[in-house]
Amino acid sequence: MKKLYLILFLSLLHIRVGLCPNTTNQQKQRLTFLAEKHLFLKEVYNSSLTPELLKQALHYEEILHPDIVYRQILLETGYLTSDMLWRNNNLTGMRYARVRQTTAVKKVQGHAYYHHWFDAVKDYRYFQEWYIKRGYDLTDYLQFLVEIGYATDKNYISKLKSVC
C-alpha cells in the first residue's frame, strides 16, 4: 500500500513538474524527497523503533551529521535498550528545553518526555537549528559537541568514535 501511495504521489509530481519546463533536476529531487518524507510521516507514528527506521527518521528530518547523531543515540541508549528511551521516548538523554522550541510534552526527572520516539528526532533538529541561529558552526560536529559541553563525560567523543 505504501508503494502504491508513493507511485501515485510521484506520478502526480511528475505531471506537475512536466507542466513547468524550467524545473531543475535539483528541484525535482527535492520534490521527490518531500513526497517520500510525506509517506514516511504517515507511517512512522504507527511503527516501533528499529535501527533502520531510526536512520530513515534522521534522513527525513534532515538531521545534520546523521551518522554521528545515530552513534550518539546508540551510545546514549545502550544500543536502543535504555529505560530513558522506553519510558520517555528520549533517544539522546535530552534535557527538557526551556529556551528553544521543543516537541517534548513534559519533564521527567529533568529530562524531556516525548509522546513518540520520532518526536525526539524532531526535537534534535530543533536543537541543531537553535545553535545554528546563534552562530555556531556545526561543520565539525564532534568539535561542536565539545564546544557546547554536550556531555559531562570527558571521554564522550572517543566513546562516540568507537560506536559501530
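1. A quick definition before the helix pairs: axes here are lines fitted to C-alpha atoms, for helices over the stretch in contact, and the angles run from 0 to 180 degrees between N-to-C directions. Keep in mind that this is a predicted model.

2. Start with helix 2 (residues 25-44) and helix 3: their axes sit 10 Å apart and the pair packs at an angle of about 135°. As for handedness, helix 2 goes past helix 3 in a left-handed crossing.

3. Who touches whom in that pair? From helix 2 we get Phe33, Glu36, Lys37 and Phe40, and they meet Leu53, Gln56, Ala57, His59 and Tyr60 of helix 3. Sorted by class, this contact of helix 2 with helix 3 holds five nonpolar, two polar and two charged residues.

4. Next, helix 3 (residues 51-60) against helix 4 (residues 66-76): the axes come within 10 Å and cross at roughly 135°. So helix 3 is oblique to helix 4. The crossing of helix 3 past helix 4 is right-handed.

5. On the helix 3 side of this second contact, look for Pro51, Leu54, Lys55 and Leu58; their partners in helix 4 are Pro66, Val69, Tyr70 and Ile73. By class, the contact of helix 3 with helix 4 comes out as seven nonpolar, no polar and one charged.

6. If you want to compare handedness yourself, the entries to check are left-handed for helix 2 passing helix 3 and right-handed for helix 3 passing helix 4.

Definitions and conventions:
Residues are numbered from 1 along each chain as its sequence is written. This is a predicted model: local features need pLDDT of at least 70, side-chain atom pairs count only at pLDDT 80 or more; totals for chains, interfaces and linings use all residues. Side-chain values use heavy atoms; hydrogens and water are left out. Helices (H or I, at least four residues) and strands (E, at least two) are DSSP runs, numbered from the N terminus. Angles under 35 degrees count as roughly parallel, over 145 as roughly antiparallel, 65 to 115 as roughly perpendicular and the rest as oblique. A crossing is left-handed if the near helix is turned anticlockwise from the far one by less than a right angle, and right-handed if clockwise. Contact means heavy atoms within 4.5 Å. Ala, Val, Leu, Ile, Met, Phe, Trp, Tyr, Cys and Pro count as nonpolar, Asp, Glu, Lys and Arg as charged, and the others, Gly among them, as polar.
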